Amino acid sequence: MDVIPRDGERIVTQPGNTTSAGAVISRIESILESILDCLAEGKELCIDLTTARDGQTTQRVHFPGRCAQEATKFARILLILQLAHDALVSGIVLTKRHIFYQHQELFGSQRTVDKLVDGIALTLGIHRDELNIVASSKGVFSGPLSLRLLDDRVIGPATGDALIRFNCPQIPIFALVDYDPDGLNIFRCYRFKSNTAIQETDVTTPGIRWLGIKSQDLLEYERYLNHSTRHSSTTQQSPTSQSSQESNSSKSSISSTECRDPVSFLSTRDRKVAVGILEKLLDVKDDPEVVEAQRELQVMLMMGVKAEIQWLDEAGNLADWLDFKLEQLLP
Amino acid sequence: MAATAFLPRLASPLSLAASRWATFYTTPYTLKFLPSLSIAIPGVTINIPGLLGDIWESVLRAVPKNKVSHSKKRSRQMAGKALKDVNHLCKCPGCGEIKRTHRLCQHCLEADERLLAAHIADIFSLAASPKTLLSASGSSTLHVHDTTDPSYPLKQSIPGAHKLGCHHICTSRNGLYAASAGFGGEVKIWEYNKETGEWNDGGEVTGPTVKPGEVWAIALSEDGGYLAGTTNDGRINVWDVADRSRAKIREYETGSAGSGSFGMCVDLSNDGKFTASGHQNGSVYVFNNDTGRILYSLSGLAKPVRAVAISPAGTRVAAAGDAGIIAIYDTKHGEHVGNLTGHSSWITSLDWSDTGEYLLSGSMDGKVKVWSIERGVCVATHSETDKALWAVRWLPKTGRSEMFCTAGANRSLSFYREATGS
């Protein structure tokens, strides 16, 4: 839903202190250990989940449980525990949204994730942040930004949005937007406005370009996955330090949950918005990016599907995909 | 002792090669099959050193290690489970090459395919009449190609037909009427002029029943008298288009009012008895046009159904979509009579040959397949492109050979001819 600088980040700051992270890891591991014990003894698996703020009301969730809902809930809790564990081990901060996108079908709605994350935090007796799970992603940078050029000129201070309108010619600017009509509309706004700016000021300035998500990305995701596994296998062969080995292993662990259904269907409203944008695009002539947008909108309507940016990332990490994509686009 | 020393060295390249093959074969499937696995045993995928050591060992112990012996292999072969020799071969009357009896000659297909750069945008739909082929694309122009000429020249182009592009086009079986639906939500009727051989504007289907979101897929009846169209909320509307007022005469509901699943495709049977529709939630419905009621609600695909087609005799319904499977149902009892499997991507389009002998299917990975219905197997596969195919159509049979045309994201028409038809 936004331009790259805001959303393509990997958050490196860790809330809380490291000793607490270790304690949380061991608490999660003890829960998992008790499950393994049950498994070994052939008993029913169960997790105690604190459901109310006072820390008194606990619910025991069994697997396979008495009904399908209970089994599903158990699976949800286990997946969140695993993601939180991996996040803590590798020092990555996850958002609730990312967790949801790891397995849309399992969770069903974002609310389910929010409630369970809170429940797990209560059960472990910690604050949610200490699970390395935050409500929403914060930008790599936000607020005013100044750029110092090589000839010591300074652009800015300006915010990210203003920077795009500034048309800094040395920096190619790409937009990464959701693959849905609203996402395309955001791109259309930036592209169109920067177009008028070109006419007013500098004709040689390249406008904002569309990085994705495009229909081809949805179809090519498999190819990209192959690429990234090849990439990670080469890095693993090189001698690595303890910490990077750790992050590698945790990464493969997270991508082991790579099982979400990729996309969701267009709603009636989405279709109406798409037709509206197609109509607006009729007025813009001779712009290759707009021609492409037109085509993508039509293909989107034909396929009847949409995908948010979060669908692309692996547990909150878009960097690999961005590298892969920008490599293709930049000389 | 010596053996243990060099055994690992010997064994490692072998195991490496084996694992490489394994990954080569499993990659396409991992995405699909991993989900259910990892839900069921998420604990196993957790990466905690030491914690899983015990379990891992027992898993390893459970793996069978015995090599299949030679005699066992042979007994399996004798039981008829191995590949059999192919001995039903004949000479292709078309080109003289050897081909398998009762199969399309691959050689002839390859020799006779033609590619026409046709549109400046994706071609989303094709419709055939006895002498012409209509194509609809993301541009505002409809194209008409002459199929009586072996070079398939562009005979007519209809500019400004659909301002925002056209997503569906269909013709009546008698070849006199066509209908097209645009992204803007408008539906237009076209009339064939036998003297000039051109298509003329036959007016628009208008009124409160036609508005954006109200019409997606369309189909015309055999004589062009009725037009069926699917809607966002899963309804199927039928208009009387022979009459100039073009009134809506029927509305089929597929869910409680206004909450059905998006109708992705529709087809009418040649005898006018049945209407079939495919929906985003994977359901397929067959309606009885005489009583105006749902005849069958067919399940089994679970994923969006992008194409549905009733056989020329009206006895079978074929449905396919994101599941990559073509499901064949019987219209007499609504029974599921078989699946055709082989596509590895979304199936976007289906078409029965004139005789009902063959079924044509096109998919998002650019592959087009011809299926023999009688034997339930794929008899020819072709991929002119790796870009999406949006439409595949048989051309009405002229002379002895069967021909079909494919179109899609590569913006061109590909024509294929089967040389013999026998």
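Q: Taking axes as lines fitted to C-alpha atoms, for helices over the stretch in contact, with angles from 0 to 180 degrees between N-to-C directions, at roughly what angle do the axes of helix α3 and helix α6 of chain A cross?
A: This is a predicted model, and in it helix α3 covers residues 68–90 of chain A while helix α6 covers residues 110–124 of chain A. Angles of 65 to 115 degrees count as roughly perpendicular, and α3(A) and α6(A) are therefore roughly perpendicular to each other. Their axes come within 10 Å, and the angle at which they cross is roughly 70 degrees.

Q: Which residues of α6(A) make the contact with α3(A)?
A: The crossing of α3(A) and α6(A) is right-handed. Sorted by class, the contact of the two helices has six nonpolar residues, one polar residue and one charged residue. From α3(A) come Arg76(A), Ile77(A), Ile80(A) and Leu81(A), and they meet, on the side of α6(A), Thr112(A), Leu116(A), Val117(A) and Ile120(A).

Q: Are α11(A) and α12(A) roughly parallel or roughly antiparallel to each other?
A: Helix α11 (residues 268–281) and helix α12 (residues 288–303) of chain A pack with their axes 10 Å apart, at an angle of about 155 degrees, and α11(A) passes α12(A) in a left-handed crossing. An angle over 145 degrees counts as roughly antiparallel. The orientation of α11(A) and α12(A) is therefore roughly antiparallel.

Q: How many nonpolar residues does the contact of α11(A) with α12(A) have?
A: On α11(A) the contact is made by Arg271(A), Ala274(A), Ile277(A), Leu278(A) and Leu281(A), and on α12(A) by Val290(A), Ala293(A), Gln294(A), Leu297(A), Met300(A) and Leu301(A). By class, one of the contact residues is polar and one is charged, and the number of nonpolar residues is nine.

Q: What is the bridge partner of Ile326(B) in β23(B)?
A: Another open sheet of four antiparallel strands in chain B has the order β20-β21-β22-β23, with β20 (305–310) and β23 (336–341) standing at its edges. Its neighbouring strands are turned by 20 degrees against each other on average, direction ignored. Five bridges join strand β22 (residues 325–330) of chain B to β23(B), and the two run antiparallel. In β23(B), the bridge partner of Ile326(B) is Leu340(B).

Q: What is the phi of Arg246(B), which is not a glycine?
A: Arg246(B) is found in the loop between β14 (236–240) and β15 (248–252) of chain B. Its phi is positive, at about 55 degrees.

Q: Which element of chain A has the highest mean pLDDT?
A: The mean pLDDT of chain A is 70, and 62% of its residues reach 70 or more. Over residues 194–205 of chain A the pLDDT is below 50, and over residues 229–260 of chain A it stays under 50. Among the elements of chain A, strand β1 (residues 2–3) has the lowest mean pLDDT, 34, whereas the highest, 89, belongs to α11(A).

Q: Over which residues of chain B is the pLDDT below 50?
A: Chain B has a mean pLDDT of 79, and 76% of its residues reach 70 or more. Where pLDDT is low, the predicted coordinates should not be read in detail. In chain B, a stretch that has 30 contacts in the model beyond near neighbours in sequence has pLDDT below 50, namely residues 1–48.

Note on methods:
Residues numbered from 1 in each chain as written. Chains lettered and ligands numbered in written order. Predicted model: local features only at pLDDT ≥ 70, side-chain atom pairs only at ≥ 80, totals over all residues. Parallel < 35°, antiparallel > 145°, perpendicular 65-115°, else oblique. Left-handed = near helix turned anticlockwise from the far one by under 90°. Contact = placed C-beta atoms within 7 Å. Nonpolar A, V, L, I, M, F, W, Y, C, P; charged D, E, K, R; others polar. pLDDT = per-residue confidence, 0-100. Pairing = 2+ DSSP bridges.
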